[in-house]
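Q: I want to learn how to read aromatic pairs and nonpolar cores in a model. Where do we start?

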Amino acid sequence: MLGVRLSLDIGEARIGVARTDPDGIMALPLENVPADERQYLRVAEIAQECHAVMIYVGLPLHLNGSEGRTAEKIRHWVAVFSALLPDIPVRFIDERLTTVSAHQLLGSVGLDSRARKSLVDMQAAVLILEQALEIEKREVTRERNSSDDS
């Protein structure tokens, strides 16, 4: 699939947004959107500005794979948001431990906790997007292999 993909790490205070290049090779941090009354409109604007062809949303699951209240809130957020851009598909990506991984990654480059706070949501969105791109690659490989078997 060609085209820009976005990913969202939806939190209580802000939404981390990441994007790919048009070829879907690299995931890059883009913006933190405040979780306020304009959040849906701003994320829709970003999607339109980037000409997004897909949006991936991190779905926080428990370690056993079940969904809790936070996942329910995320699903509701996506239902409201999807009405604004019905032509752009939205897929959920298991985001277990992405925020923890983002904190660790940012800490490993020497950022203190204050500096990390402003970047962690975008970095978590990057990790979600990287995971989504890996899933896309596996799906393409699987499709190619099954067509070769025919």
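A: With a definition. Rings of Phe, Tyr and Trp (its six-membered ring) pair if their centres lie within 6.5 Å. The model here is predicted.

Q: How many aromatic pairs does a search of the whole structure find?
A: The search finds 2 aromatic pairs. One of them joins tryptophan 77 and phenylalanine 81.

Q: How is a pair of aromatic rings described?
A: By two values: the distance of the centres and the angle of the planes. For tryptophan 77 and phenylalanine 81 these are 5.2 Å and 20°. Planes under 30 degrees apart count as stacked, so this pair is stacked.

Q: Where do tryptophan 77 and phenylalanine 81 lie?
A: Both are in helix H2 (residues 69-82). They sit 4 residues apart, about one turn of the helix.

Q: Is tryptophan 77 buried or exposed?
A: Buried means under 20% relative accessible area. Tryptophan 77 has 5%, so it is buried. Phenylalanine 81 has 2%, so it counts as buried too.

Q: Which residues do ring pairs link into a cluster?
A: Tyr40, Trp77 and Phe81.

Q: What sits over the ring of phenylalanine 92?
A: The charged end of arginine 75, 4.6 Å from the ring centre.

Q: Which residues of the largest nonpolar core touch the most other members?
A: Leu6, Leu8, Ile15, Ile55 and Trp77, out of 23 residues. Elements giving two or more residues to this core include strand S1 (4-10), helix H1 (39-50) and H2. A second, separate core has 10 residues, among them Met54 and Ile128.

Q: What does leucine 8 touch?
A: Leaving out residues up to four places away in sequence, its contacts include Ile15, Ile55, Trp77 and Ile128.

Conventions. Residues are numbered from 1 along each chain as its sequence is written. This is a predicted model: local features need pLDDT of at least 70, side-chain atom pairs count only at pLDDT 80 or more; totals for chains, interfaces and linings use all residues. Side-chain values use heavy atoms; hydrogens and water are left out. Rings of Phe, Tyr and Trp (its six-membered ring) pair if their centres lie within 6.5 Å; planes under 30 degrees apart count as stacked, over 60 as edge-to-face and the rest as tilted. Buried means under 20% relative accessible area, exposed over 50%, partly exposed in between (1.4 Å probe, protein chains only). A charge sits over a ring if NZ of Lys or CZ of Arg is within 6 Å of the ring centre and within 35 degrees of the ring normal. A nonpolar core is a set of buried Ala, Val, Leu, Ile, Met, Phe, Trp, Tyr and Cys residues joined through side-chain atoms within 4.5 Å. Contact means heavy atoms within 4.5 Å.
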